[in-house]
Amino acid sequence: MNILRKNPEEINIPRPPSGVIRFGEPMALHTTFKTGGPADIWVRPEGDCFPGYAAELFGFARREGVPVFVLGGGANLVVADRGIRGIVLDSGGWTGWEVKAGRETPEAAVRVRSGTAVDALAGALAEQGWSGLEFLAGMPGSVGGAVWMNARCREQSISDILIETEIIDMDGVSFDPLRVPCKDGDFSYKRSPFQGRNVLITEARFALKKGDPEELRRTLAALRLDRKANGQFRAPSAGSVFKNNRAFGKPTGMIIDELGLKGLSSGGASVASWHGNFIINTGHASAADIRALTETLIGKVHAALGLTLEPEILFVGDWGES
Ligand SMILES: Cc1cc2nc3c(=O)[nH]c(=O)nc-3n(C[C@H](O)[C@H](O)[C@H](O)COP(=O)(O)OP(=O)(O)OC[C@H]3O[C@@H](n4cnc5c(N)ncnc54)[C@H](O)[C@@H]3O)c2cc1C
């Protein structure tokens, strides 16, 4: 019998030694869009048990034929109103980092657990006089999500500073962590080699340089303020909806703005009046509203200009037949 048809208390899923497991957890609680239906099983291991527990969980999921979705900060997701079938492994309790520096050299590297928030990491490193991650200041989400997405801000991508990742291959023969060096060509604009694969990124190692803490602090404050001034946190969203495409000759937000599509709505989802590439949840948006508005924008831009917009936000979970 499919375990997902059993009562929660009858499911013999491994429990994390520390952390939380819940059945029917609303994903709206775990996404920046504040939308999304229930995950059958949501589990958030806390602390050092994470990689060992994840391996045990993957073994269980494989035996039972249940899919596992890895959740970072939920900052780039539109989870279906029907929710997510199977297990959601929330990496948010797997945080921390360690800097390794030679005594005489100005270069160093930081090894980071994947659930660590990128903004917090950039801030903490700056306080210690380590430069490299400032461009990520103010960006919501985790290190694992940023590497998976190859997140990009201010003309810099996370792959520019990535040295290697440590992953667990959910489809692998074993669930032992594997080191994957960051090689030229594996990453490109908003693409990583982990997309389309069943992997858990457990750690990432980034290159650092010595910097002046005071100057770094100022840079971070300015970048965070800039995001705030752009209205990025005025309403729930997942950041830019569409990728930019150099061939279009201008940013996607400007294209949408010039076509007069700011403010366009579908149910509770609306194109932000202050940013053409942001769809916001005005308070009661369903995931279906957000998806419908995304599709309307694609259709209108294509009809007007012949350009095909490519969504950057990810539509995940159980969308039924739609
Ligand atoms: C206000 C706002 C501003 C934003 N600005 C930017 C910006 O400037 N640049 C930019 O690139 N993005 C931006 N974003 C989008 C978002 O912050 C990034 O895409 C971020 O990297 C997503 O990370 P996350 O941890 O939230 O990932 P999630 O949204 O949780 O997941 C995204 C994908 O990564 C996978 N994933 C997450 N963690 C792991 C892991 N440990 N192992 C394997 N797979 C994993 C998930 O399965 C999913 O497929 C913005 C979002 C918001 C809300």
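**A walk from the ligand to the sheet**

Helix α3 gives the most to the shell around the ligand, with five residues; helices here are DSSP runs of H or I with at least four residues, strands are runs of E with at least two, and both are numbered from the N terminus. This is a predicted model, in which local features need pLDDT of at least 70 and side-chain atom pairs count only at pLDDT 80 or more, while totals for chains, interfaces and linings use all residues. Residues are numbered from 1 along each chain as its sequence is written.

Let's stay with the ligand for a moment. It is surrounded by 33 residues, the closest being G72, G141, G144, G145 and G239 (a residue is near a molecule if its C-beta atom, placed from the backbone, lies within 6 Å of it). Two or more residues of the shell come from each of β3, α3 (143–149), β9 (152–153) and β13 (199–210).

Strand β3 also leads us to an open sheet of four strands, in the order β1-β2-β5-β3 and with mixed pairing; two strands pair if DSSP finds at least two bridges between them. At its edges lie β1 (19–26) and β3 (68–71), each pairing on one side only. β3 pairs with β5 (residues 84–90) in the parallel sense, over four bridges, and V70 stands opposite L89 in β5.

What does A122 touch, leaving out residues up to four places away in sequence? Its partners are L133, E134, L136, A137 and L220, where contact puts the C-beta atoms, placed from the backbone, within 7 Å.

Methods. Two residues are in contact if their C-beta atoms, placed from the backbone, lie within 7 Å.
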